[in-house]
Each structure stands twice: as C-alpha cells, then as structure tokens.
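Subject: Structure handover, salt bridges

Hi,

Here is the structure for your files. My notes on its salt bridges follow below.

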Amino acid sequence: MSNNHLENLLLEINNEGIATLTINRPEKLNALNEQVLTELEKAISEVNKNRAIRVLIVTGAGEKAFVAGADIKELNTLNKISGEKLSSRGQQIFDAIENSRIPVIAVINGYALGGGAELAMACHIRIATDNAAIGLPEVSLGLIPGYGGTQRLPALVGKSKAMEMILTGKPIQADEAFRIGLVNRVLPADEAVPHALNLAATIMKNAPLAVAAAIEGVNASGSGNGFAREAMLFGRLCETEDFTEGTSAFLEKRKADFKGK
Ligand code: CO8
C-alpha cells in the first residue's frame, strides 16, 4: 500500500503494524470534500485488507483542526436527491470505519465539527488534545448531521445531551467532551499521538481475532440481537488456535504467542 493514489490523505504504517491516516487538507481545516471522502473509503478498505495492520489511528494535519466538517462549498450546491445520496454514501464510509476488523483510534487535534465530529464518533476510541472543540453545527447551516451524528451522538452521550448539542449547534471543549464520555482522554497536543500509540500497543498484545470479535460484539449492543451475536462470536473464538494458546499460556504461566488464527 502506498500514498501514491492519495492526494488528501497521508497513510503511514510503522514496523509494529500501526497505521496512521492523516486527513491532509490543512488550508481548509481538513474539510471533507468529495475527493477526501473517496480517498477515505479507499484507504479504509485497503487498511482492512492488509493483515499486517493491527490498529489504525486517524488524525488531522496541522495544529488547528481534526476535521472542520463536510466541505460547505460542496454542500451549498446539493438538492434533495444529491443530498440524500451524499448522506447515505458518507454513512456507508463511516459505517466501514465503525465495523472495521481492527480498532480505529481518533486523535482529535483541534476542531471536530459536523462531519469531523461524525468521523471521530465512528472511530472506536477518541483521544482529544486540550485545544479540541467538538460540535454538530449543521442546524446553523439549515441542515442536520448527515454522516450518522443523530444516531451515534445519543448512543455515546445519551439523548438529552445529544439533543442539546445538535439543537444549539454549539461546540463543546475537550474537558466537557471528556466529562460527558464523548472522548476517552484529553491530553496536551504533543502527548496525544504517543498515547494513542501506547493504547495501540496494549491492544496488540491481545489475540487479533478476539479483538475483531469484540468490536463486532460491542457494535451489536442495542441492535436487538446483541446477546445472541455475543454468544455466536464467543463460540466461534473457541475454535481458534489463539484461544487454545491464550488459555494454555495462562495455565502454563507463560506469555501467550498469538498468531491471529
Ligand atoms: N468547509 C469548507 N471550508 C472550510 C470549512 C468547511 N467545513 N471549515 C473551514 N473551511 C475553510 C475556510 O473557508 C477557510 O478557507 P479560506 O482561507 O479559503 O477562506 C479556511 O478553511 C480556514 O478557516 P477559517 O478562516 O474560517 O478559520 P477560523 O480559525 O477563523 O475558524 C472555524 C475556524 C470556526 C472552524 C470555521 O472555519 C468554521 O466555522 N468552519 C465551518 C465549521 C462547520 O460549520 N462545520 C460543519 C459543516 S456541515 C457538515 O459537516 C455536515 C456533515 C454531514 C454532511 C452530510 C452530507 C449530505
């Protein structure tokens, strides 16, 4: 995999199997235009296909913004048909992130507004820098969140707080986002990526198929058949080599050597 076909994203993969995807359009505060969305779709698909990659970190270029939203210049020309189509397309791409087989950690390094907040919410874990501001200002543009925000925000922070954020359109600061459970941790800018790398390293000590199944199980919560899904995933893991290895290693008082099989 290379950056050759990516003009607005940077994709780096380190030796440990941690990929970092940087939305790289800092002059427009990394706003998600059509091209960024297309590249994001391609990158997520490639990362998921590459078995050497175990964790993905998503962040924004520059010091000011994670992603300041969908590109308002493009939104301005939408009509009923194209608006619904774009909303569905964005939802599909963000669903692919949420349902990714590997954990996706957002490092929210500044503004995460509109589509930027929705991108961060589709990730599994969110680390915010202390200058981050997160909000869904769509109603101030005559719109509503269209990339899953009306669904994911209430799931993350509860309906009451989600309503307040979506109806006022007012962003909240990082400390408030932490207080309401929207982000997992707030850190100074220079500590956020190192912390994400540490988290990634901790996750990577665990069995890869179990990590993937855990994502699937947690994503099924609230779906109506989450318990059945959990039992099915649990049973499937009991057939893996890593399950035998993990339990045997514990009993033999040694470190497990997981193979992802
Ligand atoms: N879209 C396009 N361009 C943007 C965006 C954006 N979302 N955000 C910033 N920019 C551009 C600015 O226009 C400016 O460009 P230029 O230099 O060419 O004038 C450049 O980035 C720098 O921005 P500012 O000069 O405005 O920087 P400030 O520090 O003064 O302000 C803010 C920073 C407060 C973040 C301000 O830029 C802002 O309010 N941006 C818009 C935030 C916003 O409303 N985001 C939500 C957009 S709507 C959305 O995301 C819908 C998602 C669902 C879509 C569903 C599709 C169907």
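The side chains of Arg179 and Glu176 form a salt bridge, 3.0 Å from N to O. By salt bridge I mean a side-chain nitrogen of Lys or Arg within 4 Å of a carboxyl oxygen of Asp or Glu. Please note that this is a predicted model: local features need pLDDT of at least 70, side-chain atom pairs count only at pLDDT 80 or more, and totals for chains, interfaces and linings use all residues. Residues are numbered from 1 along each chain as its sequence is written, and side-chain values use heavy atoms, with hydrogens and water left out.

Arg179 and Glu176 sit 3 residues apart in helix α7, so about one helical turn separates them. Helices here are DSSP runs (H or I, at least four residues), numbered from the N terminus. Arg179 is exposed, at 60% relative accessibility. The cut-offs: buried is under 20% relative accessible area, exposed is over 50%, partly exposed is in between (1.4 Å probe, protein chains only).

Glu176 also pairs with Lys161, with the closest N and O atoms 3.2 Å apart. This pair links distant parts of the chain, 15 residues apart: Lys161 is in helix α6 (residues 159-168), Glu176 in helix α7 (residues 174-179). Lys161 is buried, at 17% relative accessibility. A network of salt bridges links Lys161, Glu164, Glu176 and Arg179.

Next, Glu216 and Arg229. Their side chains meet in a salt bridge at 2.3 Å, N to O. Again, distant parts of the chain are linked: Glu216 lies in helix α9 (residues 208-219) and Arg229 in helix α10 (residues 226-237), 13 residues apart. Glu216 is partly exposed at 29% relative accessible area. Arg229 is partly exposed, with 29%.

In total, the structure holds 12 salt bridges.

Best wishes

Definitions and conventions
Helix = DSSP H or I, 4+ residues; strand = E, 2+ residues; numbered from the N terminus.
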